[in-house]
Amino acid sequence: MFFTNLFQSNLKSQFIIKKIEYYPATESTMSDLWELINEDNSHVLVITDNQKNGKGRLNNKWHSKPGCSLTCSFSLNKVFLNEQFNLHAILIPVAIIRAIKKLLNLEIKVKWPNDLFYENKKVGGILIESKNKQQVLNIGIGLNVNEDNNDFPNEIKNKTTSLKIIKGHPIQREPLLAFIINEIEQKIKSLDSKKLINIWQENCIHINENICFKYQNKMISGIFKKINLKGQAVIEYENKHITYDGPIDFI
Ligand code: BTN
């Protein structure tokens, strides 16, 4: 069970979260959030202990184990200008990496744009959807916290891990989520795009590595160089630098 009181006692948020909707079970916190904000419930955090039909990026399903995973959604008002819109997708993983480092002294890494990794295994993911001509962003965070290896479906077992597996002991989800929200709020207050990009790059698992990406309707491989000031990936391909904001795969 997720204890909202324990979460709130660790939360320093002044503007992101003003209300918490805890559901023991639901289909997807992302769908719930869309419904709630349509009823003008901004600044609400939706959290569940049992997400039965989680949505991942690129129409994938997101698996979570009841009572073990962290599955939540909340909305944010746009903080970067239109041409830097992509930086929202950089800020969230950077804040999560920082929060996990502060709370658990653990170095989580990032794969473009915002997959959370530990030693080549995925530990969490972020889904960002937007409305009102991108004035509001709905953020969904899925983190594997207290799962054991056998809890993951066979097809992802070898490429997935949890914070409990990494640390060797169970982790309380409530302070973890509070640290994450506090860190997101702090990053928004101090809004420093260069610093965010630097932290993202320092923690990226594929800088200067060969990756695959879809370009002009075909899959090609190139070298992932960096993130530019607009928050786009810069990829070296046939001696040219291409800017890109779609998904990538490892070779
Ligand atoms: C990814 O594919 O890496 C992103 C996964 C995002 C999953 C989270 S879990 C909470 C929220 N509700 C959903 O249905 N999806 C997001």
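## The overall picture

Count up the secondary structure of this protein and you get seven helices and 14 strands. Keep in mind that you're looking at a predicted model.

How does the radius of gyration fit with a compact globule? For 251 residues, such a globule would come out near 18 Å, and the protein has 18 Å, so the two agree. Along the principal axes, the C-alpha atoms fill a box of roughly 55 × 40 × 35 Å. As for burial, 51% of the 251 residues count as buried. Looking at contacts with a separation of 6 or more, 64% of them are between residues 24 or more positions apart.

Strand S5 covers residues 70–77 and is mostly covered, with seven of its eight residues buried.

Which strands pair with S5? One of them is S2 (residues 44–48), which runs antiparallel to S5 and is joined to it by four bridges. Here Leu 45 has Phe 74 of S5 as its bridge partner. Another is S9 (residues 136–143), also antiparallel, with eight bridges to S5. In that pairing, Cys 72 sits opposite Ile 141 of S9.

## Where two helices meet

Now for helices H3 (residues 88–104) and H7 (residues 193–202): they pack at an angle of about 65°, and their axes are 9 Å apart. The crossing of H3 past H7 is left-handed.

On the H3 side, the contact is made by Ile 90, Leu 91, Pro 93, Val 94 and Arg 98, while H7 brings Leu 196, Ile 199 and Trp 200. Sort these contact residues by type and you find seven nonpolar, one charged and no polar.

Terms used:
Residues numbered from 1 in each chain as written. Predicted model: local features only at pLDDT ≥ 70, side-chain atom pairs only at ≥ 80, totals over all residues. Heavy atoms only, no water. Axes fitted to C-alpha atoms, helices over the stretch in contact; angles between N-to-C directions. Left-handed = near helix turned anticlockwise from the far one by under 90°. Contact = heavy atoms within 4.5 Å. Nonpolar A, V, L, I, M, F, W, Y, C, P; charged D, E, K, R; others polar. Buried < 20%, exposed > 50% of the residue type's maximum accessible area, 1.4 Å probe, protein only. Pairing = 2+ DSSP bridges. Rg over C-alpha atoms; globule rule 2.2 N^0.38 Å.
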